[in-house]
Structure formats: structure tokens, C-alpha cells
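Colleague: I would like to learn how to read a few features of a structure. Please take them one at a time.

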Amino acid sequence: MERWSGRVAVVTGTSSGIGAAIAEELVKKGLKVVGLARRVERVQELEKSLKSAPGKLYPRKCDVTKEEEVKEAFKWVKDNLGGTDILINNAGVGSINTLTDGPVENWRKIFDLNVLALSMCTKEALQSMKEKGVDDGHIVHINSVVGHKVMEQAAMYSSSKHAVTALTEGLRRELVNQKSKIRVTSVSPGRVRTEIGQASGATPEMLKARKDLPTLQSEDVADAVLYVLGAPPHVQIHELMIKPVGETF
């Protein structure tokens, strides 16, 4: 990770959970980290706790489902920090719903954030890297094990994560055709203890039933991201799947 010290990473969804853990670890490794989130006050609290770290966290309020806000955020990175070297597409949402009943509005929210927002951020990051002359940049998509299988009552969420799997390979091929050395990686965790359950509309009974299931911590996913970024420049870790010991799906 030494070669990334002093360089610029953009992390989406940094207000809690995996995004916050990734941002914290990158700052501790000496990076300048721009933390994008709607609940920017949470990122500001995290910034205060990292004052003595080698790097620096820059909280930025941004709803990544809105193209203009995404463009403004990456423009700010360019104007104030010189541009982007790393993008961690972490922001995501799930929802308890079915294909037979919907609701359709939940489907839109899932694809707007998990697929379209991820793609918009990727586009802006790549343009920033090219303008900056970066040819060793790295884009990491926080995917999921359900991007490789389908779970009951989560077919739409699984579909969005399958799209992330396809977008990872699609981008890799585009970069190869452009003779670029920018890398792209999908990191697919199993169950992680975060706030996504509550945000997805899980009932207290559902959350209680899951309480004792094997679970990763957000820090485990952050460690996986550091491992991916720390690989030699000629090594592309295309897909990294991590599960808690004993996970049954």
C-alpha cells in the first residue's frame, strides 16, 4: 500500500458500515480520501476521529443517484485534490420484495443506486484518471455473494448485484482494448453486520432471526479492499469473494 500514500481515493456511501471502514483504513494508510454520502454529518464525525492519521478524510455531501451531484463531486476532487486515483463504489441498498408483488418503487431504488449510480461514478472516475494522466488507477466495486447466485425474496437485489458482476468484466475488457493499465475489481462479501438490514425494510423479527448467523464485520471487507489495492500493478484481482466461516448460502 506504500505506493498509494498521498494519492486520492473517492469512496461512496461512507456514512456507516463498509464505506466508513474502508475510508478509515485508507486514511490510516496515508491516502487523501473523499467520502461521499448523503448523511455527510456522519462522515464529518469520522473525519474528527482521524485527525492524527497520516492521510486525510474530506467529507462531501452527495447523492450518487443524481448525475449532477456526482459530476459536481468529481469536479471538486479535480479542483481541490488534482483528480482521482482510486474509486471505491460502495454505496448500495437492498429491499425485501418479490417479483410477483413488488413494490416497483423499491425496484427502482435498488437499480438507481446499485447499478446506475455505480456506473455514473465509474464514468466520472475514469475521465478524471485520464485527465490526470493516471494509468495505474483502480476501481473497486463492492459487490455481494448474491451477485453470483439468487436468494429468496431478494431476486431484484440479486439482479442488481449480478449486473455489477457483468459491469466489472465489461469494464475490464474496455480497459484492455484501450491498452490501459487501470484495474477493476469486484469484492463480493457474504453476510456483513451493517445497517443495510434496517434500511432494506427487514422487520425486527427478521433481524432477530439473523442475529446469531455467521457474519463478517465491515473491517473484514475493508481489509479485503486493502489486499486488492496492494497487489502488484501487473496483477488484476478480478473477483474476490469472502464469507464468514459457517455461512450456509
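Colleague: Is Cys121 buried or exposed in this model?

Modeller: This is a predicted model. Buried means a relative accessible area under 20%. Cys121 has 1% relative accessibility, so Cys121 counts as buried. Cys62 is also classed as buried, with 4% relative accessibility.

Colleague: What is a disulfide?

Modeller: It is a covalent bond that joins the sulfur atoms of two cysteines.

Colleague: How many disulfides does the count give here?

Modeller: The count is zero. The cut-off for the two sulfur atoms is 2.5 Å. For Cys62, the closest cysteine sulfur belongs to Cys121 and is 6.4 Å away, which is too far for a bond. Seen from Cys121, the closest cysteine sulfur is that of Cys62, again at 6.4 Å and too far.

Colleague: Turning to another residue, where is Arg183 found?

Modeller: Arg183 is in strand β6, which covers residues 183-189. With 3% relative accessibility, Arg183 counts as buried.

Colleague: Which residues does Arg183 touch, leaving out those up to four places away in sequence?

Modeller: Among them are Arg3, Trp4, Gly137, His138 and Ile139. Val228, Leu229, Pro232 and Gln236 are also included.

Colleague: What lies 3.0 Å from a polar atom of the Arg183 side chain?

Modeller: That is the backbone oxygen of Pro232.

Colleague: How many residues apart along the chain are Arg183 and His148, and what separates their C-alpha atoms?

Modeller: The two residues are 35 apart along the chain, and 21 Å separates their C-alpha atoms.

Conventions. Residues are numbered from 1 along each chain as its sequence is written. This is a predicted model: local features need pLDDT of at least 70, side-chain atom pairs count only at pLDDT 80 or more; totals for chains, interfaces and linings use all residues. Side-chain values use heavy atoms; hydrogens and water are left out. Buried means under 20% relative accessible area, exposed over 50%, partly exposed in between (1.4 Å probe, protein chains only). Helices (H or I, at least four residues) and strands (E, at least two) are DSSP runs, numbered from the N terminus. Contact means heavy atoms within 4.5 Å. A polar contact is a pair of N or O atoms within 3.5 Å; within protein, one must be able to donate a hydrogen and the other to accept it, and residues adjacent in sequence count only if both atoms are side-chain atoms.
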